[in-house]
Amino acid sequence: MLRFVEEVLLLLLRDDGGRFVAVPGIALDNALAGGVLMDLALENRIDTDPRHLILIDLAPVGDSILDPTLAAIAAGERRDARYWVAQTALRAAEIREEALSRLVERGILERHEGRFLWVFRSRRYPVIDGKAEREVKRRILGVLLSDDIPSPRDIAIIGLAEACGILRELMPKVDYARARQRIDQVRRLDLIGQATSQAIHDIEMWLAGRD
């Protein structure tokens with residue numbers, strides 16, 4: 001099963017040649033961080049309430065994406081989920097590269113080195129096995145455009161996708177507008193997703209205040 005950060009990246013992948021949907025870097029960093037926390041919750045290492053993130057089990061998962069955050073939580077003071085989203089987001093570049101490498105190793109993506117016209121290097125990740133990408137998108141869109149009861153994974157990925165603006169890119173404007181109430185309904189079921197959205201909002205407000 002894919003980790004949440006891998007599913008977020010697959011949702012971001014465009015169908016036209018391996019480019020990714022452009023979302024603000026801050027939003028994506030926090031969405032990836034939220035994905036780490038959600039996986040730790042599903043691994044029964046942490047839990048959340050409206051005020052705190054609670055350590056349940058400090059035993060390492062054996063996953064290089066998850067274990068650094070788990071170790072930091074175990075070594076730190078009790079804080080809320082929003083705090084740990086922000087802390088984990090500091091590792092976002094590392095998390096993203098590790099997740100992409102895993103998708104390549106699984107044969108889901110293929111890495112092509114390329115260059116823009118200037119000197120900065122870009123990377124393209126054409127899908128080899130499109131099944132994983134289609135499965136994530138089909139599952140999420142199916143939940144949003146129906147009254148089906150979402151699974152915990154669906155709730156989590158919808159919260160992350162909305163937090164960094166992916167859903168607006170995935171769906172035609174008419175469908176997105178029609179699904180707004182449903183999106184809000186699903187997001188209210190997940191505390192970590194709410195913390196991710198709030199972390200993104202706080203950073204955006206802080207940056208706006210510097211202008």
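Aromatic pairs, to start. How many does a search of the whole structure find? It finds 1 aromatic pair. This is a predicted model, by the way, so keep that in mind throughout.

The pair is Tyr83 and Trp84. Their ring centres sit 4.9 Å apart. The planes meet at 85 degrees, and angles over 60 count as edge-to-face, so this pair is edge-to-face.

Are these two buried or exposed? Take Trp84: its relative accessibility is 6%, so Trp84 counts as buried. Tyr83 has a relative accessible area of 26%, which makes Tyr83 partly exposed. Tyr83 also has a charge over its ring. Arg79 lies over the face of Tyr83, 4.0 Å from the ring centre.

There is another arginine over a ring. Arg153 lies over the face of Phe4, and here the distance to the ring centre is 4.2 Å. Hold on to Phe4 and Arg153. They come back with the next residue.

That residue is Asp39. You will find Asp39 in helix 2. Relative accessibility is 3%, so Asp39 counts as buried. What does its side chain reach? The backbone nitrogen of Phe4, at 2.8 Å. Leaving out residues up to four places away in sequence, Asp39 touches Arg3, Phe4, Leu66 and Arg153.

Now Arg3. Arg3 sits in the segment before helix 1, which covers 4-12. The relative accessible area of Arg3 is 16%, and the cut-off for buried is under 20%, so Arg3 is buried. Which side chain does the side chain of Arg3 make a polar contact with? That of Asp63, at 3.0 Å. Again leaving out residues up to four places away in sequence, Arg3 touches Asp39, Glu43, Val61, Asp63, Leu66, Arg102 and Arg153. Leu66 and Arg153 are among the residues touched by Asp39, and both are touched by Arg3.

Back to helix 2, for its packing. Helix 2 runs over residues 25-42, and helix 3 over residues 67-75. Their axes are 10 Å apart. The angle is about 75 degrees, so the two helices are roughly perpendicular to each other. Which residues make the contact? From helix 2, Val36, Leu37 and Leu40. From helix 3, Thr69, Leu70 and Ile73.

Next, Glu162. Glu162 is in helix 7, residues 152-163. Buried or exposed? Buried, with a relative accessible area of 7%. The side chain of Glu162 has a polar contact of 2.7 Å with the side chain of Tyr176. Not counting residues up to four places away in sequence, Glu162 touches Leu167, Arg168, Tyr176, Arg180, Ile183 and Arg187. One more distance here. Asp184 is 22 residues from Glu162 along the chain, and their C-alpha atoms are separated by 9.3 Å.

Last, the whole chain. There are 10 helices and 4 strands. In what order do the elements run from the N terminus on? α-α-β-β-α-α-α-β-β-α-α-α-α-α. The chain has 211 residues, and 45% of them count as buried. Then the contacts. Take those in the chain with a separation of 6 or more: residues 24 or more positions apart account for 65% of them.

To recap the residues. Tyr83 and Trp84 form the edge-to-face pair. Asp39 reaches the backbone nitrogen of Phe4. Arg3 pairs its side chain with Asp63 in a polar contact.

Technical notes:
Residues numbered from 1 in each chain as written. Predicted model: local features only at pLDDT ≥ 70, side-chain atom pairs only at ≥ 80, totals over all residues. Heavy atoms only, no water. Buried < 20%, exposed > 50% of the residue type's maximum accessible area, 1.4 Å probe, protein only. Contact = heavy atoms within 4.5 Å. Polar contact = N/O pair within 3.5 Å; in protein donor to acceptor, adjacent residues only side chain to side chain. Phe/Tyr/Trp six-rings, centres within 6.5 Å; stacked < 30°, edge-to-face > 60°. Lys NZ or Arg CZ within 6 Å of the ring centre and 35° of its normal. Axes fitted to C-alpha atoms, helices over the stretch in contact; angles between N-to-C directions. Parallel < 35°, antiparallel > 145°, perpendicular 65-115°, else oblique.
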